[in-house]
Amino acid sequence: MIFEYLKQSIMTALDAIDRNILRLLRLDARMSNASLAAEVGLSPSACLRRIRLMEQGGVIRGYTALVDTSDVEATIAVIINITLERQTEDALDRFEAAVRRYPEIRECFLMTGGSDYLLRVEVANAGAFERIHKEILSALPGVSRIHSSFAIRNVLATKPKGRR
């Protein structure tokens, strides 16, 4: 509870410099602190202090590597819209508990609009997705509709060609 309050306080207290730091880190989390500080117009120590506060407050939850799976492992991202039979608290809780049991489901978002949940899975091929569809998605509690789309590529997961 206190952590959530602290995180909310930090999120509302972010200024233009903090948002610029976050924007630059999203583009290149390996950027040196000196380069980042110069880019946002701060001294390196002031920049690092802001980064540490955002890390401690949970605004920055971690850093990750963007892997070009087309060269490393041929995976296809599948985006799945799930509609439940009912939208009661119990139905949502049962669905979410079931989703957490399957590591094949990489992301799960509770949505507004036409579907209740948006899921993302990664598969090697259509046959692998068919297995996930039959054995996992169709067995999730309370599902009335499954709509799946295969992604061609993730535009934001890779830098534009020619940039380092």
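1. A residue is called buried when its relative accessible area is under 20%, exposed when it is over 50%, and partly exposed in between, using a 1.4 Å probe and protein chains only. The model is predicted, so to speak of local features a pLDDT of at least 70 is needed, side-chain atom pairs count only at pLDDT 80 or more, and totals for chains, interfaces and linings use all residues. Residues are numbered from 1 along each chain as its sequence is written, and side-chain values use heavy atoms, with hydrogens and water left out.

2. Overall make-up. The protein chain has seven helices and four strands. Helices (H or I, at least four residues) and strands (E, at least two) are DSSP runs, numbered from the N terminus. Read from the N terminus, the order of elements is α-α-α-α-α-β-α-β-β-α-β.

3. Burial and surface. Of the 164 residues in the protein chain, 27% are buried. The accessible surface of the chain is about 11500 Å², and carbon and sulfur atoms account for 54% of that surface. Accessible areas come from the Shrake-Rupley method with a 1.4 Å probe; for residues, only the protein chains shown count as cover.

4. Contacts along the chain. A contact means heavy atoms within 4.5 Å. Taking contacts between residues at least 6 apart in sequence, 61% join residues at least 24 apart.

5. Side chains of opposite charge can pair when their charged atoms come close. The term salt bridge is used here for a side-chain nitrogen of Lys or Arg within 4 Å of a carboxyl oxygen of Asp or Glu. The whole structure contains 10 salt bridges. One of them joins the side chains of R50 and D18, with 2.9 Å from N to O. This pair links distant parts of the chain: R50 belongs to helix α4 (residues 44–56) and D18 to helix α2 (residues 16–27), 32 residues apart. How accessible are the two partners? R50 is partly exposed at 21% relative accessible area, whereas D18 is buried at 9%.

6. Salt bridges within a helix. E55 and R52 form a salt bridge whose closest N and O atoms are 3.0 Å apart. Both residues sit in helix α4, three residues apart, which means about one helical turn separates them. E55 is partly exposed at 25% relative accessibility, and R52 is also partly exposed, at 40%. In helix α7 (residues 126–135), E130 and K134 lie four residues apart, about one turn of the helix. Their salt bridge has its closest N and O atoms 3.2 Å apart. E130 is partly exposed, with a relative accessible area of 43%, while K134 is exposed at 56%.

7. The network around R120. Which residues are linked in a network of salt bridges? They are R106, E107, R120 and E122. R120 is placed in strand β3 (residues 117–123). Its side chain makes a polar contact of 2.6 Å with that of E107 and another of 2.4 Å with that of E122. A polar contact is a pair of N or O atoms within 3.5 Å; within protein, one must be able to donate a hydrogen and the other to accept it, and residues adjacent in sequence count only if both atoms are side-chain atoms. Leaving aside neighbours within four places in sequence, R120 is in contact with V78, I79, E104, I105, R106 and E107.

8. G114 is in the loop between β2 (105–110) and β3. Is G114 buried or exposed? At 77% relative accessibility, G114 is exposed.

9. Aromatic pairs. The structure holds two aromatic pairs. Rings of Phe, Tyr and Trp (its six-membered ring) pair if their centres lie within 6.5 Å; planes under 30 degrees apart count as stacked, over 60 as edge-to-face and the rest as tilted. F129 is buried at 7% relative accessible area, but F150 is partly exposed at 40%.

10. Cysteines. There are zero disulfides in the structure, a disulfide being a pair of cysteine sulfur atoms within 2.5 Å. C47 is buried at 0% relative accessibility, and C108 is partly exposed at 32%.
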